[in-house]
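This report describes a single protein chain for a reader new to structures. Please look at the sequence and the model before reading on.

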Amino acid sequence: MNTITVPASEEVLDEITEFIDGELANYDCPPNMQIQMAVEEVFVNIASYAYENGEGDAEITVNIINDPLTAEIIFRDSGVPFDPLAAADADISEEALEEREGGLGIHMIKSYKDQ
């Protein structure tokens, strides 16, 4: 299990991606677009909404579990509490998608992860 702590700023997103890709590469897992998109969505939300004054840190931990090979990516911050699992499911009907821009990040993350 390896962890990095970074400022909660979108400017460090590449550093986070490189860290996670490096951890996965240690287990012969190539970069994965679904993981990268989910990581970006979670981290951008932390950077955008967690800290009212715009300053704070985020901790990202990658835990690789063998048998079966599983990657667990944990985000921690000390900002405003938010439980994405408690959020209502997004309306993904064609009409709703045409009427709004954005708002599908939690839906996307739930779709990409196993648990």
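## Surface and burial

The chain exposes about 7900 Å², and 47% of that area is supplied by carbon and sulfur atoms. The model is predicted. Of the 115 residues in the chain, 25% are buried.

## Elements of the chain

The chain holds four helices and three strands. Read from the N terminus on, these elements follow the order β-α-α-β-β-α-α.

Contacts can also be sorted by separation in sequence. Taking contacts between residues at least 6 apart in sequence, 61% join residues at least 24 apart.

## Asparagine 63

Asparagine 63 belongs to strand β2, which covers residues 57–65. Is asparagine 63 buried or exposed? Its relative accessible area is 16%. Buried means under 20%, so asparagine 63 counts as buried.

Which residues does asparagine 63 contact, leaving aside its neighbours within four places in sequence? They are Met1, Thr70, Ala71 and Glu72.

## Phenylalanine 75

Phenylalanine 75 is part of strand β3, made up of residues 70–77. Leaving out residues up to four places away in sequence, phenylalanine 75 touches Val39, Val42, Phe43, Ile46, Glu59 and Ile60.

Conventions:
Residues are numbered from 1 along each chain as its sequence is written. This is a predicted model: local features need pLDDT of at least 70, side-chain atom pairs count only at pLDDT 80 or more; totals for chains, interfaces and linings use all residues. Side-chain values use heavy atoms; hydrogens and water are left out. Helices (H or I, at least four residues) and strands (E, at least two) are DSSP runs, numbered from the N terminus. Buried means under 20% relative accessible area, exposed over 50%, partly exposed in between (1.4 Å probe, protein chains only). Contact means heavy atoms within 4.5 Å. Accessible areas come from the Shrake-Rupley method with a 1.4 Å probe; for residues, only the protein chains shown count as cover.
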